[in-house]
Amino acid sequence: MYLVESKGGAIVCMLFSLFFLGTWPAIMNLLERRGRLLQHTYLYYSITNLMAAVIIAFSFGEIGKSTPESPNFLTQLSQDHWPSVMFAMAGGVALSIGNLSTQYAWAFVGLSVVEVISSSLIVVIGTIMNYFLDNKINRAEILFPGVGCFLIAVCLGSAVHSSNSADNKAKLKNLSNDCQLKTVDTGSSTTKEEEFPNNGAKDLENGNAPSEKAKAGTAAFLIELENRRSIKVFGKSTLIGLAITFFAGFSFSLFSPAINLATNDQWHTLKKGVPKLIVYTAFFWFSVSCFVLAIILNVTFLYRPVLNLPKSTLKAYVNDWNGRGWAFLAGLLCGFGNGLQFMGGQAAGYAAADAVQALPLVSTFWGIVIFKEYRKSSRRTYILLTSMLSMFIVAVGVLMASSGHRK
């Protein structure tokens with residue numbers, strides 16, 4: 001079994017995890033904006049997310065000789081450590097509920113704000129829990145100021161959302177005189193749509209939109225996006241999105257402490273002589289429970305959808321090739337990102353590993369570059385956005401600096 005033992009190795013794991021965990025939400029959001037049903041996307045994502053855990057378990061978990069103190073992955077599968085397995089699976093349930101919730105929240109309040117609020121809640125709640133579970137191996141005088149920076153980032157993220165929403169409302173009130181307005185039914189509410197000279201509804205994100213496409217940041221762009229995406233949000237309160245986001249954040253905050261308990265047995269639930277669960281076995285069972293719950297919920301949502309999404313069937317899901325490869329990639333990135341976070345946390349403390357929750361730095365980058373979320377926004381929005389990102393940069397540096405060393 002291969003273990004990350006050095007502080008430097010743990011930080012490398014965290015940095016790769018940060019990039020992977022910040023990128024997969026952008027891919028999922030991109031597919032929703034292109035009109036792919038969330039149920040279809042999440043089912044494919046769930047398959048490769050589990051696949052990543054299996055790959056990690058059979059590679060890193062099988063390297064080297066198995067010893068009584070540090071058994072390999074396959075050896076541990078036959079050992080009696082079900083209390084720890086239950087903690088790991090509980091963490092998988094928490095992650096699955098949180099991930100599923102964010103799929104719907106992105107449509108209402110945007111990728112950047114959802115990731116900021118949910119990630120910050122993970123740090124504020126989960127990091128404090130991990131600090132005490134890890135027997136305070138992280139430096140409190142550094143760790144808790146970092147947690148404070150994340151808390152400030154939550155407030156700034158909410159302010160960015162509020163300011164950007166006001167900007168969008170102002171844009172929609174001042175529609176271009178070059179466009180003819182007509183009333184259409186978006187499926188969730190009656191809104192105004194701009195009729196364009198070249199009305200071919202092609203993807204703006206993949207670069208094959210018509211030559212006279214709406215410019216990013218304009219009211220026309222917002223309306224085109226609304227007509228194309230799978231979740232219709234015009235006419236709905238953004239409080240729905242914020243409520244879903246905070247619920248997801250609280251759910252997310254439990255999965256890392258659950259893995260911590262599974263791998264370190266702080267509550268002494270294992271029988272005498274039974275070795276602690278290695279991180280790869282814990283991650284495997286974590287991913288299995290995440291997969292099972294995701295399949296159950298998403299198959300249910302195929303036939304009983306929420307938020308006015310259209311109904312679907314298993315046959316339609318199997319035949320839906322639109323963006324299937326991207327959904328597979330998102331699952332792999334999330335799986336490897338979580339695995340690397342846990343590998344780094346086992347070496348340097350799970351509280352310090354929560355630095356990967358600065359993933360909004362990556363998600364916001366994709367949101368700006370791909371989705372053009374803040375094009376033509378007000379100066380106030382840009383100032384708040386810059387302040388939010390700066391606070392995250394400070395926070396991730398401080399949390400990584402608090403890394404300890406597990407004995």
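This is a predicted model. Begin with Lys 271, which forms a salt bridge with Asp 80; their closest N and O atoms are 3.1 Å apart. Lys 271 sits in the loop between helix 9 and helix 10, and Asp 80 in the loop between helix 3 and helix 4, so the pair ties together parts 191 residues apart in sequence. As for cover, Lys 271 counts as exposed because its relative accessibility is 57%, and the cut-off is over 50%. Asp 80, with a relative accessible area of 35%, is partly exposed.

How many salt bridges does a search of the whole structure find? It finds three. Another one joins the side chains of Glu 32 and Arg 229, at 2.7 Å from N to O. Glu 32 belongs to helix 1 and Arg 229 to the loop between helix 7 and helix 8, so this pair ties together parts that are 197 residues apart in sequence. Are these two residues buried or exposed? Both Glu 32 and Arg 229 are buried.

Then there is the salt bridge between the side chains of Asp 320 and Arg 36, at 3.2 Å, N to O. Asp 320 is in the loop between helix 11 and helix 12, Arg 36 is in the loop between helix 1 and helix 2, and 284 residues separate them. Both Asp 320 and Arg 36 are buried.

On to helix 7, residues 219-228. This helix is mostly covered, with nine of its ten residues buried. Among the buried ones are Phe 221, Glu 224, Glu 226 and Arg 228.

Now helix packing. The axes of helix 4, residues 82-109, and helix 10, residues 279-303, come within 7 Å and cross at roughly 40°. That angle makes helix 4 oblique to helix 10, and the crossing is right-handed. With helix 9, residues 255-264, the axis of helix 4 comes within 8 Å, at a crossing of roughly 165°. Helix 4 is therefore roughly antiparallel to helix 9. The crossing of these two is left-handed.

Ile 11 lies in helix 1 and is partly exposed, at 24% relative accessible area.

Last, the surface. Val 54, Phe 58, Leu 74 and Leu 77 form a nonpolar patch there, with about 320 Å² of accessible area together. Helix 2 and helix 3 each give two or more residues to the patch. Leu 77, in helix 3, is partly exposed, with a relative accessible area of 34%.

Note on methods. Residues numbered from 1 in each chain as written. Predicted model: local features only at pLDDT ≥ 70, side-chain atom pairs only at ≥ 80, totals over all residues. Heavy atoms only, no water. Patch = residues over 30% accessible without salt bridge, like charges linked within 9 Å, V, L, I, M, F, W, Y side chains within 5 Å. Areas by Shrake-Rupley, 256 points an atom, 1.4 Å probe, with all protein chains shown as cover. Salt bridge = Lys/Arg side-chain N within 4 Å of Asp/Glu carboxyl O. Helix = DSSP H or I, 4+ residues; strand = E, 2+ residues; numbered from the N terminus. Buried < 20%, exposed > 50% of the residue type's maximum accessible area, 1.4 Å probe, protein only. Axes fitted to C-alpha atoms, helices over the stretch in contact; angles between N-to-C directions. Parallel < 35°, antiparallel > 145°, perpendicular 65-115°, else oblique. Left-handed = near helix turned anticlockwise from the far one by under 90°.
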